[in-house]
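Welcome, and thanks for taking a look at this one. Below is a short tour of how the side chains pack together, topic by topic.

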Amino acid sequence: DAEFDKILKEKRIHSVLFESFENGFACGHTRDFLEVRVRSDIPLHSEILSVELTGHDGETFFGNIVDKV
């Protein structure tokens, strides 16, 4: 999806508020309501963390936690 590719090129690191945990992924949203999933061994509910976006599937972004905000 061109819109998702554009977002990846413009800004790779986003603050994400994590809201749920399922199948080894912590899931949350950015300030712009982008859905983001990161691999995690533990739930990250209510935590705000910096995430570097690494890819997408056309609906959800995937990334890696960089550091706490």
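This structure, a predicted model, holds one aromatic pair. Its partners are F4 and F61, whose rings are stacked, with 4.7 Å from centre to centre and 25 degrees between the planes. F4 belongs to helix α1 and F61 to strand β5 (residues 61–68), so the pair ties together parts that are 57 residues apart in sequence.

**The rings and their surroundings**

- F4 and F61 are both buried.
- Another ring, that of F25, has R37 lying over its face, at 4.4 Å from the ring centre.

**The nonpolar core**

- In soluble globular proteins, nonpolar side chains tend to be buried together.
- Here, the largest nonpolar core has 14 residues, and those touching the most other members are F18, V36, V38, V51, L53 and F61.
- Two or more residues of this core come from each of α1 (2–10), β1 (13–22), β3 (35–39) and β4 (48–56).

- V36 sits in strand β3 and counts as buried because its relative accessibility is 0%, where the cut-off for buried is under 20%.
- Leaving aside residues up to four places away in sequence, V36 touches V16, A26, C27, G28, T30, V51, L53, T60 and F61.
- V36 and S46 are 10 residues apart in sequence, and their C-alpha atoms are 14 Å apart in space.
- For V38, again not counting residues up to four places away in sequence, the contacts are F18, G24, F25, A26, V51, G63, N64 and I65.

- The side chain of H14 reaches the backbone oxygen of K11 at 2.9 Å.
- Beyond four places in sequence, H14 touches I7, T30, L34, L49, S50, V51 and L53.

Note on methods
Residues numbered from 1 in each chain as written. Predicted model: local features only at pLDDT ≥ 70, side-chain atom pairs only at ≥ 80, totals over all residues. Heavy atoms only, no water. Core = buried A, V, L, I, M, F, W, Y, C linked by side-chain atoms within 4.5 Å. Buried < 20%, exposed > 50% of the residue type's maximum accessible area, 1.4 Å probe, protein only. Helix = DSSP H or I, 4+ residues; strand = E, 2+ residues; numbered from the N terminus. Contact = heavy atoms within 4.5 Å. Polar contact = N/O pair within 3.5 Å; in protein donor to acceptor, adjacent residues only side chain to side chain. Phe/Tyr/Trp six-rings, centres within 6.5 Å; stacked < 30°, edge-to-face > 60°. Lys NZ or Arg CZ within 6 Å of the ring centre and 35° of its normal.
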